[in-house]
Amino acid sequence: MTQIKSAIIVNPCFDGVWPFSANYWRDLWREAGPVEFLRRDGTELTTFFQDVQSADTRRLALLGAEIDLQGLAAFPQLEEIGLGEVELSKEVVEEAQRRSIRIYAPTSEGYWGQSVSEFGLALTLGALRRIPQTHHQILTDLSPWDYEPAASGPWHGKRGSQFGDDANFTNGTIARKRVRVVGVGNIGSRFASFCHMLGADVAAWDPFAQDPCFHGAGARREWHLSQLVQDAEIFVPMLPLTDSTKGLVTAPLIETLPKGCLVVLVTRATICDVPTIRRRVLANELALAADVFDIEPLPLNDPLLGRDNVVHTPHNAGRTIHANEEFVHSIIRQFRPVDV
């Protein structure tokens, strides 16, 4: 069995961002050989690297921790470096290149994909069935338990013994709903596939994606964003926020969404014209399930809070142990395989 020595150096500030990543990285590398694991406590770099038993270390992880030329020189056998939440100086990069040391960092933000997409699905289900609202109501009120119709009719299309949702907005199951997704990247493709699996009619728009992305997501490709919004029952913009995507879903597009449509926001709110979403939600024209907002944190007097047609959470979608672990995998998968 091949044994390889590794070292992991952690700045405690890194733990404040990724609380479960450093120890997980250590445990994975221990399967291949001894790992020196050190959390830097503010010690000067020169003094700190004097404490590292580094002569035969071949792999190094720097998690929020910098390294200088003298520190790099302390690793004469070093072959690979993984970087988490840190960048190397130009001088260190040039020296690493001279020594043919490979440097790895995350290649994308896909480590959030599963967590955010599942959270988006949960928000969608919660909004369709008003789960948060009814959970809160029955703490102090028994009336939500009563599904009997009013004493006198007409009763069609209203609350009854076998209907407890809000008919003014998209409700019930995801099955047979027209789900319209903007973006089929790491998050949007997963969300679309979940809805397809549950029986929805899923269409998506993404001018940068290739056909296999849509096939894998179980989504029909829509070539025009203006067409995507016209029949949406559940509208889900799932793009990252960049200069090119900010405000991409314009006010006229949001105005086109059918009355009663559920809008789900779990990536970045300002890819949409948020004032128009707000206006239509407050006018009871749209329902909203949102983990992200144009203002964060939402002021306690924000009119979106506590509405019957809004489900809201505090930007929590990607903050999971799973994402912490996937952040690690996004880097260590690039290291050369070790025969264990």
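A: Leaving aside residues up to four places away in sequence, Arg59 touches Ile4, Lys5, Ser6, Ala7, Trp29, Ala32, Leu78, Glu80, Phe335 and Val338, where contact means heavy atoms within 4.5 Å. The model is predicted, and local features need pLDDT of at least 70, side-chain atom pairs count only at pLDDT 80 or more, and totals for chains, interfaces and linings use all residues. Residues are numbered from 1 along each chain as its sequence is written, and side-chain values use heavy atoms, with hydrogens and water left out.

Arg59 itself lies in strand β3, which covers residues 59-63; strands (E, at least two residues) are DSSP runs, numbered from the N terminus, as are helices (H or I, at least four). The side chains of Arg59 and Ser6 are joined by a polar contact of 3.0 Å, that is, a pair of N or O atoms within 3.5 Å, of which, within protein, one must be able to donate a hydrogen and the other to accept it, while residues adjacent in sequence count only if both atoms are side-chain atoms.

Although Arg59 is buried, it has no salt bridge, and the nearest side chain of opposite charge, Glu80, is 5.5 Å away. Buried means under 20% relative accessible area, exposed over 50%, and partly exposed in between, with a 1.4 Å probe and protein chains only. A salt bridge is a side-chain nitrogen of Lys or Arg within 4 Å of a carboxyl oxygen of Asp or Glu. For comparison, Arg180 forms a salt bridge with Asp231, their closest N and O atoms being 3.0 Å apart, and Arg180 counts as buried at 1% relative accessibility.

Notes. Lys, Arg positive; Asp, Glu negative; His and termini not counted.
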